[in-house]
Amino acid sequence: MSVFSSASLRSSVVSRLRAAGCVFAEDEARILLSAAASPADLAVMVRSRADGRPLEHVVGWAEFAGLRIAVDPGVFVPRRRSEFLAATAAALTTPGAVVLDLCCGSGALGAAVAAAAAHPVELYAADIDPGAVRCARRNLAGVGARVFEGDLFAAVPTELRGRVDVLIANVPYVPTGDLGLLPPEARLHEARPALDGGADGLDVLRRVMAEAPGWLAPGGSLLFETSERQAPTALAVTRAAGLTAAESWEEDLDATVVTAALR
């Protein structure tokens with residue numbers, strides 16, 4: 001019998017995680033036990049998780065929309081609520097659609113859209129964080145995506161201007177003053193630019209909206225995630241940029257997505 005199938009070892013890991021405040025200790029123990037290569041490796045992983053590192057950074061991957069997404073230390077961990085954004089975007093694709101995942105992080109959204117679309121898409125992604133770009137290139141290699149490093153549209157080839165059918169912009173939207181309220185896992189272990197949305201949380205969205213209409217193809221759509229509290233202002237920002245905008249909400253994931261299009 002493998003040491004990793006030992007009920008006593010599993011119980012020990014669960015107890016350690018619970019003592020550290022891990023709410024889903026049993027699920028996390030299962031993942032750690034499956035990811036560890038040896039008892040010594042497991043001990044290091046459990047200690048790291050108990051010390052507060054995100055589980056995804058400890059094991060090196062996150063589950064997202066049925067996919068295993070590589071997530072290196074310091075890189076933004078894709079949230080389950082964003083599966084609604086991915087599904088909404090995938091439903092808008094057509095055969096050969098040009099899809100741009102802006103602020104792509106690990107590339108989870110682009111990967112999920114490519115997997116969920118009923119047909120091949122032409123996928124591009126960009127992020128300002130070099131670590132995130134490295135992850136995205138690994139995660140998107142199998143779908144032939146091109147991933148760029150840089151600040152918003154400055155990273156994107158100009159040849160895409162006016163050609164983007166589906167633009168996903170999962171911009172940071174936590175107000176600067178609320179960063180201290182985030183769980184320590186996010187606040188201490190994820191890159192601040194992936195979280196900080198400025199004074200009201202919408203600064204990066206405003207920058208995207210200033211340029212987005214020029215990048216969208218006729219009939220193209222722009223989608224982004226926001227909070228329920230910020231949605232009215234986010235809708236106003238979107239409409240001020242000359243786009244139509246509609247809000248949708250998914251109860252199970254408590255996710256709010258705005259879908260916009262050229263008027």
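**Notes on the seven-stranded sheet**

1. The sheet first. Seven strands form an open sheet in the order β5-β4-β3-β6-β7-β9-β8, and the pairing is mixed. Keep in mind that this is a predicted model. β5 (146-149) and β8 (243-250) sit at the edges with a single partner strand each, so one side of each has no neighbour in the sheet. On average, neighbouring strands here are turned by 20° against each other, direction ignored.

2. Now the β3/β4 end. β3 and β4 run parallel and are joined by five bridges, with Leu100 standing opposite Tyr124 in β4. Together with α6, these two strands make a right-handed β-α-β unit.

3. β4 (residues 122-127) pairs with β5 in the parallel sense over four bridges. Ala125 has Val147 in β5 as its bridge partner, and Asp127 stands opposite Glu149 in β5.

4. α7 (residues 130-140) lies across β4 and β5 and runs at about 175° to β5. α9 (residues 203-215) also packs on the sheet, where it touches β3 (98-102), β6 (164-169), β7 (216-226), β8 and β9 (255-262). The direction of α9 makes about 165° with that of β7.

Conventions. Residues are numbered from 1 along each chain as its sequence is written. This is a predicted model: local features need pLDDT of at least 70, side-chain atom pairs count only at pLDDT 80 or more; totals for chains, interfaces and linings use all residues. Side-chain values use heavy atoms; hydrogens and water are left out. Two strands pair if DSSP finds at least two bridges between them. Axes are lines fitted to C-alpha atoms, for helices over the stretch in contact, and angles run from 0 to 180 degrees between N-to-C directions. Contact means heavy atoms within 4.5 Å. A crossover is right-handed if, with the strands pointing away from the viewer, the path from the first strand over the helix to the second runs clockwise.
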